[in-house]
Amino acid sequence: MERRCVLNSWSKEEVRAVIRYEWARGVSGTEIHNPLVEVYGSGVMSKQMVRRWCRTFSDGRQQVEDIPRAGRTRTATTDANVGKVDDMIRANRRITIDEVAEELGISHERAQNIIHDILRYRKVSARWVPRQLTSTHQEQCMAVSLEHLVRYHEDGNDFLFRIVTGDETWVHHFTTESKAASMEWKHPSSPVRKKFKTTPSAGKVLLTVFWDAQGVLLLDFLEVGTINATRYCDTLSKLRGDSEKAAWPSHIWRSAVG
């Protein structure tokens, strides 16, 4: 009889039942596999697996369904486990998912589901800050901020135009291109562009910048030497000279720098 078509839908239990039937008739694993491919397609069980099932039936197995495996229960996401995970994280913020899973005797996936999807925890890195302020520094910052706030309420926006801010940064003679800046559009057939790892140049200068609400007032580069009181006085003298050239009112200079 001529075969009509290839079966696109089938279950593994059905295929195992066919193997058991042919095995009972004395057909070898290789001979069983060829008709399976003809009927169920190339995605059916491999020849090695067919032989393994033949040996399994020869050892006395009769059922074609999967045997339930002993191990962790599938109901690991219980209220008790959720509470335990929450307590563990609160006690140790750096605990890992594997440590949680091992402690509770659940799978990595269940522990991850409890932490991320149920408890809504996210592991983040600490935020970097320039330096750690002491309580005295924090009190000074608070006092200055309150003073500025009071003066703003008294003078309005005119006070903001009298504020001069300064900062310092190292400027390298050569700055490497960042990975984000080097990104470019690429077609699937285009070759991959290589970027060699480079480091900023060893040569650098210290840049001191002063600016106000109108823009930059002074750019001062320190090629050699160290920052000390004398150096700061020279920088402020330059700032005052540039401000006077720009017809900056003297009362604003005294309020901002003095």
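A cavity is, on a 1 Å grid over the protein atoms alone, a set of points where a 1.4 Å probe fits but cannot get out, and its lining residues have an atom within 4 Å of a point. Grid points are joined across faces, edges and corners, and the volume is the space filled by probe spheres set on the points.

The legends below describe a predicted model, in which local features need pLDDT of at least 70 and side-chain atom pairs count only at pLDDT 80 or more, while totals for chains, interfaces and linings use all residues. Residues are numbered from 1 along each chain as its sequence is written, and side-chain values use heavy atoms, with hydrogens and water left out.

**View 1. The largest cavity and its lining.** The structure holds 1 cavity of 30 Å³ or more, and the volume of the largest cavity is about 30 Å³. Its lining consists of Thr208, Asp220, Leu222, Ile227, Arg231, Tyr232 and Thr235. At least two of the lining residues come from each of β3 (215-222) and α9 (229-245), and α9 gives the most, with 3 residues. Here helices (H or I, at least four residues) and strands (E, at least two) are DSSP runs, numbered from the N terminus.

**View 2. A nonpolar patch on the surface.** Met142, Leu146, Leu149, Tyr152, Leu160 and Phe161 form this patch, and together they have about 560 Å² of accessible area, a value from the Shrake-Rupley method with a 1.4 Å probe, for which only the protein chains shown count as cover for residues. Patch residues have over 30% relative accessible area and no salt bridge, with like charges joined within 9 Å and nonpolar side chains (Val, Leu, Ile, Met, Phe, Trp, Tyr) within 5 Å; a salt bridge is a side-chain nitrogen of Lys or Arg within 4 Å of a carboxyl oxygen of Asp or Glu. Helix α7 (residues 135-155) gives the most to the patch, with 4 residues, whereas Phe161 lies in the loop between α8 (157-160) and β1 (165-172). Phe161 has a relative accessible area of 41% and is therefore partly exposed, a class that lies between buried (under 20%) and exposed (over 50%), with a 1.4 Å probe and protein chains only.

**View 3. Arginine 120 in its loop.** Arginine 120 is found in the loop between α6 (108-118) and α7, where its phi is near 65°, a positive value in a residue other than glycine. Because its relative accessibility is 60%, arginine 120 counts as exposed.

Key
1 Å grid on protein atoms, 1.4 Å probe; cavity = no way out; pocket = protein on both sides within 12 Å on 5 of 7 lines; lining within 4 Å.
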